[in-house]
Each structure stands twice: as structure tokens, then as C-alpha cells.
Amino acid sequence: MTGERLSFGRGRHAGHWRVAVVQYFARIAITVFACAYLTIDFAPSAYALPSFARQTGQPCGSCHTDFAGLTPYGRRFKIGGYTFGGGQYRTALFPSADDSSDNAKKKWVPPISMMTIVGFTNTQVAQPPPTAPYSTNNNTVVSPVSFFWGGAITDHLGAFAQMTYNAPPLGGFGADPFGHTWTWDNTDVRYADSTSIGKLSITYGITANNNPTVQDPWNTTPAWAFPYASSTVAPTPGSHTIIDGTLAAHVASVGVYADFNDLLYLEATAYHTLDPSTQNALGTDPFGAPGMSTVSPYWRAAIEPHWGNHWLEVGTFGMVSGIHPWAAPPAGAGTPLPLPAVTTVTFPQTDKFTDIGFDSQYQYQGDNYWFTLRGTYIHEYQKLDASFPNGLSSNPTNDLNEAKGYASLAYGSNNRVVLTGQYFNTWGTPDPLLYGSLASAFSPNGSGWIAEIAYIPFISSTAPGWPWLNMRIGLQHTWYQRFDGTSVGAANNNTTFLYLWLAM
């Protein structure tokens with residue numbers, strides 16, 4: 001579950017509470033919709049994501065078109081190292097010498113937040129029986145429960161750092177074999193500053209993170225792509241590119257970036273797999289990744305011209321990863337680390353994965369709405385010099401492709417109602433050994449559609465009883481045209497997901 005976008009999971013099994021609890025949750029959701037509706041015209045001033053709101057004093061709509069889609073201001077906030085102030089609280093624990101007297105007198109509050117998602121999942125056809133107490137269908141799961149440091153540390157240093165509770169039954173089926181309950185999740189620590197050369201304004205910085213693309217300021221790259229919330233117990237396709245979450249929470253990195261005149265963004269970062277003992281200490285299953293990686297360079301370039309209320313981004317990103325596959329299967333459940341030597345042995349040969357992505361985004365800000373279009377394409381070339389001679393793949397080279405097209409309308413005061421649609425398509429080289437566990441037993445191909453309607457009742461109002469509470473209510477449906485290489489039975493995996501997302 002770690003390292004995923006804010007959906008935090010690609011669970012393939014199902015868990016549940018009893019039917020009475022499901023019905024109870026449905027009644028709660030209806031009540032919340034009704035109460036939220038009544039607050040539209042009678043609520044006071046606006047608040048955003050809790051810790052960022054305290055720091056900036058800005059409403060959600062300043063930074064987000066949606067949870068967690070970013071506006072131009074939200075992208076600048078991230079590029080600026082999560083350090084922008086302006087709220088009623090002091091940004092840093094120790095004010096700098098150039099702080100204004102008013103800011104220095106402000107109270108400091110740690111930028112700590114938490115969130116959880118209560119979700120009800122229904123699939124078109126019941127899934128294979130999971131472990132009790134889970135059901136084959138119609139499951140309600142509370143997942144994840146996450147805690148964040150979200151904001152400034154000093155005037156130039158800030159972080160988005162997440163720790164997540166992910167043990168079943170609370171988090172759904174699929175705990176790792178080492179019994180982890182807490183794990184580090186998406187983490188991005190930044191140092192940022194700015195300067196100017198003539199008329200050229202430059203914001204520059206250093207990022208240290210644990211998930212390729214989690215540091216990116218656009219939602220066209222994998223870590224923060226739609227869907228922002230998704231079921232942790234629904235079946236999901238079994239193949240995706242290395243850059244799309246495969247190494248999340250298994251790696252650490254250091255990179256540098258610069259933004260020129262809010263127009264051109266450039267970044268270069270190097271990733272390396274953490275050793276198994278370190279991953280275990282951080283709550284991550286070492287065998288959740290395909291092996292141990294060499295240093296993997298990552299790059300990002302994007303240009304975003306804007307005129308009036310229009311913003312157009314065109315960019316590229318990518319990573320070259322060398323992977324030494326595991327030479328032995330993982331240890332059994334409960335095996336402590338350090339593991340026996342044989343279990344952490346990797347093949348000496350190296351598989352090389354070259355991921356090259358192209359992306360584009362258009363945003364328009366209307367009088368009372370945001371309209372967003374996105375497109376992303378990732379091509380992965382796999383040179384399997386380790387997997388092929390050791391019987392892990394049928395081909396010495398493979399290709400894998402991912403494409404997504406997205407449209408969203410966020411309407412109302414600070415984007416209270418959001419309508420979203422997305423098409424997704426994955427296709428690649430057939431390989432009976434590499435994809436033998438999938439439904440088709442040879443192909444990674446999959447495609448379909450996602451539609452969602454979401455309502456954020458307190459995006460421009462104060463929640464009753466607790467001003468820093470935020471809530472999102474969403475109804476999402478996924479249709480599969482092809483699933484794990486075949487259209488036969490693909491629709492059986494169609495998923496309806498009703499969720500209540502709470503942040504405070």
C-alpha cells in the first residue's frame with residue numbers, strides 16, 4: 001500500500017464488515033450529503049488542507065482544483081518547498097533575522113495533519129474468497145489512516161512526509177509477509193530559495209524523496225495522478241511501468257531542480273534502493289519491489305506558458321533503472337530481518353528498464369470553476385539480461401506502454417463539486433513467463449474508463465465543531481474493457497467505490 005498516490009493502494013482482494021455496518025455507513029453518507037448541502041449558504045470563512053491552511057491562511061481552492069489536483073498557485077507552493085506563509089501562525093519554529101516583527105510574534109503550531117478514507121467497494125461479480133473476516137463482495141474498509149508533517153521546517157526547508165497504518169482488517173486484505181502495521185509513505189523533503197538575474201526570476205531547490213514523481217508539481221505524472229482515492233480491496237490490473245509506483249517506498253533519492261519565471265521547470269534526481277533491513281525498519285516489505293536497483297537517474301522538464309486565465313503545460317519525464325531480480329522467493333510470514341542470506345540474494349545480471357514519459361495539461365479558471373484536461377504517455381523498454389537467462393521472462397526484450405486521458409470540471413465556491421472522467425490503456429509485448437500469473441497468462445494489456453463525482457462540503461466553509469476538518473464524499477465507477485490481457489471476463493472486475501475522505 002505504501003508509496004501510492006493519495007489512493008494509497010492497489011489491493012487485489014476484498015475485506016468487509018457486516019452488512020449492517022455497510023447499511024449504517026450508507027445512512028451516514030446520505031446524512032453527511034444532506035448536512036453538507038445545508039452549509040452552502042450559511043457557512044463562514046474558508047479553510048484548506050489542515051496543516052497547509054494553518055500555514056498559508058488560504059482556502060483549498062487557492063492550491064487545489066480537487067483533492068489532490070493542483071492549481072498554478074499550488075504548484076508554486078510545492079516548488080517553493082512547502083514554506084509559503086501568510087496565515088495566523090508563524091511558518092518556522094525559529095523565526096529568521098529578517099522576519100517582520102509581526103510574523104515573529106505569531107504563535108508556531110507544528111504542521112501536523114491526519115487523514116483516513118472510509119470506503120465501500122462493490123464489484124460486478126464476487127471475487128475469489130479471501131481470508132476471513134473479508135467477504136467476496138460489498139466490503140467496507142477504513143483505509144488508510146495516515147499522519148503527515150505537511151509544511152515548513154525552517155524558512156527554506158519544508159516537507160510533505162507521511163506515515164500510514166496499513167494492517168488488515170482496518171486497511172484491507174494484503175499485509176506484507178513481515179507483519180508490518182506502520183510504514184513510511186509518500187515523502188518529499190525540500191530546500192528551496194529564489195534569486196533573480198536581470199528579468200529572470202529563478203526558484204531553485206533540493207528534493208529528497210522516496211517515490212519517483214512524488215516531487216513533481218503536475219498531476220500528469222504517476223505519483224499524484226487520478227484517481228486520487230481508490231479502493232484498497234478492488235481487483236486492479238497486475239502490470240505497470242517501473243516509474244509508476246513500482247519502487248515507491250523502496251528507494252531514497254536526492255535531486256536538484258529549478259523553475260525559471262514560472263515558465264520552465266527542470267529537475268534531475270538519482271534514486272537507489274534501500275537495503276532490506278532499512279526497508280524493514282521503515283515498515284516496507286523488501287520483496288514488494290522486483291529486486292535491488294542500481295542508481296537510477298530521473299529527469300523532468302516542463303514548460304508552462306500562461307495567458308489570462310489559461311495555463312498550458314507540455315513536458316517530458318523519465319527514469320533509467322537497473323534491477324537485479326531476486327534469486328530466491330521471499331521468506332514466510334513473520335520471518336524477522338536480518339533475513340537468511342539466501343532470501344536476499346539477487347541475480348548478478350541486471351535488467352534495464354528505460355521509462356520515457358510525455359505529458360500535457362491545460363487548465364482554465366472561470367468565474368466559478370476550473371476546467372482541466374490532461375494527457376500522459378509512458379513508454380518502457382525492458383532489456384531483460386537477468387530475467388531472460390534465468391527463466392523469469394520468455395523474451396530478452398519487452399515493451400510496455402501506459403496512456404491516460406483525463407478531463408475534469410471543478411465547480412462552485414472553491415471547487416465544491418468535481419466531475420471527472422478518465423480513459424486508461426496499458427499494452428505491451430506478450431510474455432508467458434513474465435505475465436503467466438495474469439488472467440490471460442501472457443499479456444499485460446488492459447484498458448477502461450473511470451468516472452467520478454465528488455463533493456467537498458467544507459472547502460469554503462468551517463466544519464461544525466472543528467475548523468480544521470476537511471471532508472470529501474465521492475462516488476467512483478471503473479469499467480474495464482480489457483483486464484490483464486483479455487476481454488473475457490474483464491467486466492467482472494468493474495468496481496463501484498463510495499467513499500468518505502476525512503482530513504484534519
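A residue counts as buried under 20% relative accessible area, as exposed over 50%, and as partly exposed in between (1.4 Å probe, protein chains only).

**Figure 1. Overview of the chain in a predicted model.** Of the 504 residues, 53% count as buried. The chain has 7 helices and 18 strands, taken as DSSP runs (H or I of at least four residues; E of at least two) numbered from the N terminus. Local features need pLDDT of at least 70 and side-chain atom pairs pLDDT 80 or more, whereas totals for chains, interfaces and linings use all residues. Residues are numbered from 1 along each chain as its sequence is written, and side-chain values use heavy atoms, without hydrogens and water.

**Figure 2. The largest nonpolar core.** A nonpolar core is a set of buried Ala, Val, Leu, Ile, Met, Phe, Trp, Tyr and Cys residues joined through side-chain atoms within 4.5 Å. Among the 31 residues here, Met115, Ile117, Phe160, Tyr499 and Trp501 touch the most other members. Two or more residues each come from β1 (112–123), β14 (397–411), β15 (417–428), β16 (446–455) and β18 (495–503). Strand β18 gives the most, with 4 residues.

**Figure 3. A second, separate core.** This core has 12 residues, including Tyr298, Met319, Phe353 and Ile378.

**Figure 4. A nonpolar patch on the surface.** Leu409 is found in strand β14 and is partly exposed, at 32% relative accessible area.

Definitions and conventions:
Patches are made of residues with over 30% relative accessible area and no salt bridge: like charges are joined within 9 Å, nonpolar side chains (Val, Leu, Ile, Met, Phe, Trp, Tyr) within 5 Å. Accessible areas come from the Shrake-Rupley method with a 1.4 Å probe; for residues, only the protein chains shown count as cover. A salt bridge is a side-chain nitrogen of Lys or Arg within 4 Å of a carboxyl oxygen of Asp or Glu.
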